[in-house]
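Q: Please take the labels one at a time. Set each value against its definition, then conclude.

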Amino acid sequence: MKPTRTDPRGALLAALACVLVGGSFTVNSTLGDYPYAGGQALRYGLACLLLIPLLGRGGLAPLRRLTARQWTRLAALAAIGMVGFNFAVLAAERTAEPAVPGVLVGCAPVLVAVLGPLTAGRRPGRAVLTGALVVAAGAFVVQGWGRTDAAGLAYSVAALAGEVGFAVVAVPLLRPLGPKLLSTAGCGVAALEALAVGLLYEGADTLRMPDTGEAAALVWQAVVVTVVGFVCWYAGIARIGAERATLFSGLIPVAAAVTAPLVGSGTYGLSQAAGSLLVGFGVVLGAGLIRRPAMMGAWQPRQRSNPSKITAGS
């Protein structure tokens with residue numbers, strides 16, 4: 001499917017995916033004591049198993065036609081945009097306030113608006129880049145800026161790289177695989193990568209039995225955020241392109257701010273509301289959801305047959 005700038009369904013799919021991811025930041029607060037790598041392995045492994053039946057008969061067949069270079073790209077997507085992104089966010093929050101990685105990740109639309117076209121041999125679109133800058137500013141207003149040290153800032157930059165990679169690295173794989181198979185294969189590879197990291201650094205405790213709250217959070221992340229969110233995200237990219245789809249990542253801090261009061265981990269006040277409106281304006285501006293009216297110069301008044309005979313009542 002060739003991306004188009006004004007596909008409303010693609011915009012809705014990308015928006016839904018980012019809202020789900022933003023809500024998952026609140027859910028992450030219940031997984032603070034669970035081994036990171038083991039949790040990621042369980043999340044992505046369960047998501048892969050749930051996605052496979054949705055592919056239908058022969059749905060895995062395109063994987064056999066992938067080249068070694070495409071498999072390398074798929075492994076990089078899982079390592080950078082899935083496992084690496086989540087690790088960077090959790091590591092950043094050890095020494096930085098959550099607002100710091102949130103603000104950095106909010107800059108992803110700007111980088112994708114530049115890198116996406118350049119990697120495709122095109123010039124960045126002015127409207128998309130302008131919208132991306134507005135979205136990044138809105139994300140800053142929503143999150144504010146918190147305290148951090150050098151390590152927290154470095155991990156926050158790594159989280160930004162992961163968010164950008166989740167869109168840019170995936171684009172060449174969308175045509176041969178499609179959104180569902182790309183999500184399935186990415187989750188399968190990410191589960192194996194997370195398990196390998198866990199066994200190497202966490203040992204046998206990496207897959208300990210989660211308690212009730214942890215199990216509920218992992219199931220939510222696997223079913224809602226990963227299965228539904230990933231498929232919606234890549235379907236959105238396929239319809240409107242990576243540059244415009246990533247504009248909606250500005251909704252991630254908005255969704256996190258809206259859901260935080262539900263678990264008593266934050267408040268939603270005037271600055272969050274103002275930032276949310278700014279994000280929304282940037283998305284509308286950059287994604288081309290509102291068509292501009294025809295230029296005034298394109299309208300010409302009807303000429304009279306004899307302009308010299310104009311009465312005062314004309």
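A: Helices (H or I, at least four residues) and strands (E, at least two) are DSSP runs, numbered from the N terminus. The model is predicted, so local features need pLDDT of at least 70 and side-chain atom pairs 80 or more, while totals for chains, interfaces and linings use all residues. Residues are numbered from 1 along each chain as its sequence is written, and side-chain values use heavy atoms, without hydrogens and water.

Q: What makes α6 roughly antiparallel to α12?
A: The axes of α6 (residues 126–143) and α12 (residues 270–287) cross at roughly 170°. Axes are lines fitted to C-alpha atoms, for helices over the stretch in contact, with angles from 0 to 180 degrees between N-to-C directions. Over 145 counts as roughly antiparallel (under 35 roughly parallel, 65 to 115 roughly perpendicular, the rest oblique). Therefore α6 is roughly antiparallel to α12. Their axes come within 7 Å.

Q: Which residues make the contact of α6 with α12?
A: Contact means heavy atoms within 4.5 Å. Among them are G131, V135 and G138 of α6, and G275, L278 and G282 of α12. By class, the contact has 14 nonpolar, 9 polar and no charged residues. Gly counts as polar here.

Q: What makes the nonpolar surface patch?
A: F140, V141, L278, F281 and L285 make a patch of about 400 Å². Patch residues have over 30% relative accessible area and no salt bridge; nonpolar side chains are joined within 5 Å, like charges within 9 Å. Areas come from the Shrake-Rupley method with a 1.4 Å probe. F140 lies in α6. The largest share, 3 residues, comes from α12.

Q: Why is α8 called roughly antiparallel to α9?
A: The axes of α8 (residues 171–201) and α9 (residues 212–240) cross at roughly 175° and come within 9 Å. Therefore α8 is roughly antiparallel to α9. Their contact has 11 nonpolar, 2 polar and 1 charged residues. K180 of α8 is one of the contact residues.

Q: How do you know that R122 and E243 meet in a salt bridge?
A: The rule asks for a side-chain nitrogen of Lys or Arg within 4 Å of a carboxyl oxygen of Asp or Glu. R122 and E243 meet at 3.1 Å, N to O. R122 is in the loop between α5 and α6, E243 in α10, 121 residues apart. The count by this rule is 2 salt bridges.
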